[in-house]
Amino acid sequence: MIEYIKGELTELTPALATVEAAGIGYGLNISLNTFSAIQGLRADGTGKKDVKLYVYEAIREDAHQLYGFVNKKEREMFLLLISVSGVGANTARMILSSLSVSELCNAISTNNERLIKGIKGIGLKTAQRIIVDLRDKIVALGIAEEIPVGGQVSAPVNSQVKDEAVSALTMLGFAPAPSQKVVVAIMQEQPNAPVEQVVKQALKMIK
C-alpha cells in the first residue's frame, strides 16, 4: 500500500500529475482542487520543486491506477464517495473537481441535492444517496468538523489536539467514531482547550 508519494513534480495537467521519486515517474489522477493547490510547484528550470501527494490505488485486472490528493481530508472524502453505490473513482474525482471538500460537506449537511445534482454525471438519485449515506460519516470521521448543525461554517478546530484527544479516548476503550464526534463538538465550543481538558469533558459526555 502506498500512503503518499513525495518527489519532483515533472508534468502537470488539470487531470494528471507526474511525480518523479527515486528515478521512477508516477502518474497520478488528480482533481482540479489538487491541481490548483500544486500548479505553482512544477519544475521550471530554476531548481527542483517537490510535491507530496497522498495516494489511493485503484487495482483492477486490466489496470492499476493511482489517484493523488493534496491532503488527507480530500482523500478521505474521495474514499467516502466511492463507498456510495453508483459512484466510481472517476465520478468521485469529478465531484471533487466541482466542489471543494468544505463545499461538498456543506451541501451534504444541508441536504442540498440541487448543488450535488448539478455536477456532471450526477443524477438526483445519486445525489440523494450521497447525502443519506455520508451525512453522519463526514462528521464521525472529522471531515466536516468545521460544519455544525445548520450548515454554517465555524472556526476549524486544532487538528493536533483533536487527534491526541481521540487517541486517548480510543486507548481508554471508546470507539473512534463517537469519540471524534464528541471531541469535535467540545472543541467547536472551546477551540483553545488543552488536550487534558477536552478528554476529561469527553469522558462525561461520551456514550
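Predicted model: local features only at pLDDT ≥ 70, side-chain atom pairs only at ≥ 80, totals over all residues.
User: What makes S3 and S5 a pair, and in which sense do they run?

Analyst: Two strands pair if DSSP finds at least two bridges between them, and two bridges join S3 to S5, which run parallel. The strands themselves are DSSP runs (E, at least two residues), just as helices are runs of H or I with at least four residues, and both are numbered from the N terminus.

User: How many bridges hold S2 to S3, and in which sense do these strands pair?

Analyst: S2 and S3 (residues 24–29) pair in the antiparallel sense over six bridges. Their hairpin has two residues between the strands, and Ala22 there takes a positive phi near 55°.

User: In what order do the strands close into a barrel?

Analyst: Five strands close in the order S1-S2-S3-S5-S4, with mixed pairing, and the twist averages 55° from one strand to the next. H2 packs on this sheet and touches S4 (50–59) and S5 (64–69), its direction making about 15° with that of S4.

User: Why are H2 and H3 called oblique to each other?

Analyst: The axes of H2 (residues 72–82) and H3 (residues 89–98) come within 9 Å and cross at roughly 130°; axes are lines fitted to C-alpha atoms, for helices over the stretch in contact, and angles run from 0 to 180 degrees between N-to-C directions. Angles under 35 degrees count as roughly parallel, over 145 as roughly antiparallel, 65 to 115 as roughly perpendicular and the rest as oblique, and H2 and H3 are therefore oblique.

User: Which residues of H2 and H3 meet?

Analyst: With contact taken as heavy atoms within 4.5 Å, Glu74, Met77, Phe78, Leu81 and Ile82 of H2 meet Ala89, Ala92, Arg93, Ile95 and Leu96 of H3. These residues divide into eight nonpolar, no polar and two charged, where Ala, Val, Leu, Ile, Met, Phe, Trp, Tyr, Cys and Pro count as nonpolar, Asp, Glu, Lys and Arg as charged, and the others, Gly among them, as polar.

User: Where do the axes of H7 and H9 stand in distance and angle?

Analyst: The axes of H7 (residues 159–171) and H9 (residues 195–205) come within 9 Å and cross at roughly 45°, which makes H7 oblique to H9. The contact is made by Val161, Glu164, Ala165, Ala168 and Leu169 of H7 and by Val195, Val198, Val199, Ala202 and Leu203 of H9, and its residues divide into nine nonpolar, no polar and one charged.

User: Which residues does UniProt list for the "Helix-hairpin-helix DNA-binding motif class" domain?

Analyst: The unreviewed UniProt entry lists residues 79–98 and 114–133; UniProt positions follow the numbering used here, feature names are shortened, and annotations may be inferred rather than shown by experiment. In the model, residues 79–98 are 70% helix and 0% strand, with end C-alpha atoms 17 Å apart.

Methods
Residues numbered from 1 in each chain as written. Heavy atoms only, no water.
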